[in-house]
Amino acid sequence: MIDGCLTRLFPSSWPNSRSFFQRVGQVSLAISLSVAPLLSQPAPGPNGQSPDWRLTRLKQYFRSHRSPLEKVSEQFVTAADRYNLDWRLLPSLAVIESAAGKRYRRNNIFGWKSGRARFKSLDHAIDYVASRLAGSPLYRGKSASDLLRKYNPARPIYATKVLRIMDSLAPDT
């Protein structure tokens, strides 16, 4: 990986470029500058699709279910990236909790706080729930199955339903 990054930054036509940067101690800077853009981009899809394949797939899914959530597809993907969540989790929760955005109140498409929470907008709901799933000790670091069991402990089949929708969006990505 390091050699590949250095090669892209400093072509082989540069004499002793690798040893020069090692001597100066700037290899880590060169590597971080070349790798940082790669790390901030989502990984390619299962078949090597471009990084926005998730957004395309999510819109396609919502459209096929005549879901009004298609209009906030980008927010789902953005929140997942921001909080390092599986991009399929939030949309799948919304599908179960709000009939894919067809039945909800107070912008609460996630059934948050047993459906009693109020949000200023769908964008706010998506960001808030994503931040809680990523940051709260109740959910942080758990597998999807364990997180979903904690999210809705009253319904034993809940996790299975959400995981099935996640899988229909894309198999384990």
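The side chain of Asn108 comes within 2.9 Å of the backbone nitrogen of Trp112. This is a predicted model, and Asn108 sits in the loop that links α6 (89-98) to α7. Its relative accessibility is 4%; Asn108 therefore counts as buried, the cut-off being under 20%. Beyond the neighbours within four places in sequence, Asn108 has contacts with Gly115, Arg116, Ala117 and Phe119.

Two elements, α7 (122-135) and α8 (144-151), each give two or more residues to the lining. By residue class, the lining holds six nonpolar, three polar and four charged residues. The volume of this pocket is about 220 Å³.

The chain as a whole can now be placed around these details. Its secondary structure consists of nine helices and zero strands, so defined from DSSP runs. Read from the N terminus, the order of elements is α-α-α-α-α-α-α-α-α. The chain has 173 residues, and 37% of them are buried. Asn108 is one of the residues that count as buried. For contacts between residues at least 6 apart in sequence, 51% connect residues at least 24 apart.

Definitions and conventions: Residues numbered from 1 in each chain as written. Predicted model: local features only at pLDDT ≥ 70, side-chain atom pairs only at ≥ 80, totals over all residues. Heavy atoms only, no water. 1 Å grid on protein atoms, 1.4 Å probe; cavity = no way out; pocket = protein on both sides within 12 Å on 5 of 7 lines; lining within 4 Å. Points joined across faces, edges and corners; volume = space filled by probe spheres on them. Helix = DSSP H or I, 4+ residues; strand = E, 2+ residues; numbered from the N terminus. Nonpolar A, V, L, I, M, F, W, Y, C, P; charged D, E, K, R; others polar. Buried < 20%, exposed > 50% of the residue type's maximum accessible area, 1.4 Å probe, protein only. Contact = heavy atoms within 4.5 Å. Polar contact = N/O pair within 3.5 Å; in protein donor to acceptor, adjacent residues only side chain to side chain.
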